[in-house]
Amino acid sequence: MDLTQARETKAQLTDFARDLAERHGVPASPYAVGDDATPADVVRAPTLSLGLAPQGDGAYGIAVRYRLGVPTARSFVRKLAAEAGDAVDVRRTGRIRTLGAQARPPVATARALGETDRVRPLRPGVSVAHVDVTAGTLGAFVVKSGEEGARYVLSNFHVLAGSPSAQVGDVVVQPGPADGGRAPGDRVGTLAQVVPLTPGAPATVDAALALVDDGIEIDPTYPVGAVTTTAVAAGDEVVAKIGRTTAHTQGRVTAIEMDDVVVGYGDELGALSFDNQIEVEGTGGTFSRGGDSGSLVYREDGVALGLLFAGSETGGADGSGLTYCNPVDAVLEALGVTLVPR
């Protein structure tokens with residue numbers, strides 16, 4: 001199928017899945033489970049995420065991803081696969097979670113391969129976080145039109161804010177607290193802007209900015225040079241990222257335009273559903289682990305495609321899971337910023 005045909009087929013399968021859900025008494029969307037739903041209820045609905053899977057030579061199939069949340073999950077998948085025909089890529093992902101560091105020092109730091117020390121000048125790939133969060137990754141530096149001299153750190157909401165109660169002006173430290181960062185000695189900036197995440201509401205990006213303090217030097221250089229341009233992921237691209245936990249890894253875009261990607265955010269936010277996401281599979285090993293959240297995902301030629309924020313337990317070819325990213329243009333547009341120019 002070409003891209004247009006694949007999108008039409010995906011829309012038809014989405015309707016088909018909703019009809020199946022209705023006939024079996026299963027909620028058709030993550031937020032159709034009632035006002036008294038628990039986070040566990042939300043995780044069980046839907047059991048399916050649908051997207052577009054590249055098949056080479058510009059052709060696409062349908063990406064079907066599922067968790068074993070309800071007894072009818074496998075039945076739904078079989079019926080969807082039969083409806084889609086040969087052009088289907090089915091994988092069981094297990095739970096999908098945000099990829100902030102899960103533990104405090106010394107355990108979290110000892111397991112990391114990336115930059116967990118205090119690093120100056122600041123550069124992409126280093127440990128960073130809100131002063132009350134564990135640790136994530138500094139993804140990139142961005143600027144706002146009309147703000148002469150102001151430089152911002154780009155990362156995830158759950159890295160730079162961590163909670164709906166976080167306030168603009170809260171301290172951001174490098175390294176993150178899980179790696180020993182403390183205020184005021186390791187302060188590098190303050191929380192400046194978030195794209196809100198709301199319990200019970202669908203989302204598209206997990207993103208936030210920290211305003212870099214005056215006097216803190218930055219180095220926006222990546223191994224491929226400064227990443228200053230963006231593109232829309234078409235699928236099958238070879239990509240890389242630099243993260244606080246797994247350092248420099250490579251992967252391949254295995255699906256685009258993934259909808260109903262349900263991600264666990266813990267007790268405060270519960271499980272949130274994301275649409276229009278990019279999926280990446282590691283090549284030669286895992287692409288990401290906890291602590292890599294906020295990493296910028298870019299092509300071999302240094303063009304940015306996405307902002308890493310979550311990962312699955314399984315689903316990768318080698319069993320190491322899949323990584324999920326927000327399209328980078330959607331992130332930059334939501335925050336009103338551009339990547340730091342050369």
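The model is predicted: local features need pLDDT of at least 70, side-chain atom pairs count only at pLDDT 80 or more, and totals for chains, interfaces and linings use all residues. Residues are numbered from 1 along each chain as its sequence is written, and side-chain values use heavy atoms, with hydrogens and water left out.

**Stop 1: strand β19**

Select residues 303–312, which form strand β19. Helices (H or I, at least four residues) and strands (E, at least two) are DSSP runs, numbered from the N terminus. In β19, 10 of 10 residues are buried; buried means under 20% relative accessible area, exposed means over 50%, and partly exposed lies in between (1.4 Å probe, protein chains only).

Select residues 96–98, strand β4, which is antiparallel to β19 and joined to it by 3 bridges. Here T98 stands opposite A310. Next select residues 322–327, strand β20, which pairs with β19 in the antiparallel sense over 5 bridges. Look for L308 facing C325 in β20.

Residues 229–230 are strand β12, which runs parallel to β19 with 2 bridges. The bridge partner of T230 in β19 is A304. Strand β18, residues 296–299, pairs with β19 in the antiparallel sense through 3 bridges, and A304 is also the bridge partner of Y298. The hairpin of β18 and β19 has 3 residues between the strands, and G302 there takes a positive phi near 85°.

**Stop 2: an open sheet**

Show the 8 strands in the order β6-β5-β9-β10-β11-β8-β7-β21, an open sheet with antiparallel pairing. Which strands stand at the edges? They are β6 (136–137) and β21 (338–339); each has a single partner strand, so one side of each is left without a neighbour in the sheet. Within the sheet, select β5 (residues 127–130) and β9 (residues 171–173), which are antiparallel and share 2 bridges. H130 stands opposite V172 in β9.

**Stop 3: nonpolar cores**

A nonpolar core is a set of buried Ala, Val, Leu, Ile, Met, Phe, Trp, Tyr and Cys residues joined through side-chain atoms within 4.5 Å. The largest one has 39 residues, and L160, L197, V263, Y265 and F274 touch the most other members. Another core, of 31 residues, lies apart from the largest one and includes A21, L99, A231 and A233.

**Stop 4: salt bridges**

A salt bridge is a side-chain nitrogen of Lys or Arg within 4 Å of a carboxyl oxygen of Asp or Glu. By this rule there are 14.

Select D15 and R18, whose closest N and O atoms are 3.9 Å apart. Both lie in helix α1 (residues 3–24), 3 residues apart, about one turn of the helix.

Then select E281 and R91, which meet in a salt bridge at 2.6 Å, N to O. This pair links distant parts of the chain, with E281 in strand β17 (residues 277–282) and R91 in strand β3 (residues 88–92), 190 residues apart. E281 counts as buried because its relative accessibility is 10%, and R91 counts as buried at 15%.

Last, select R95 and E313, which form a salt bridge at 2.8 Å, N to O. R95 is in the loop between β3 and β4 and E313 in the loop between β19 and β20, 218 residues apart. At 45% relative accessibility R95 counts as partly exposed, as does E313 at 37%.

How values were computed:
Pairing = 2+ DSSP bridges.
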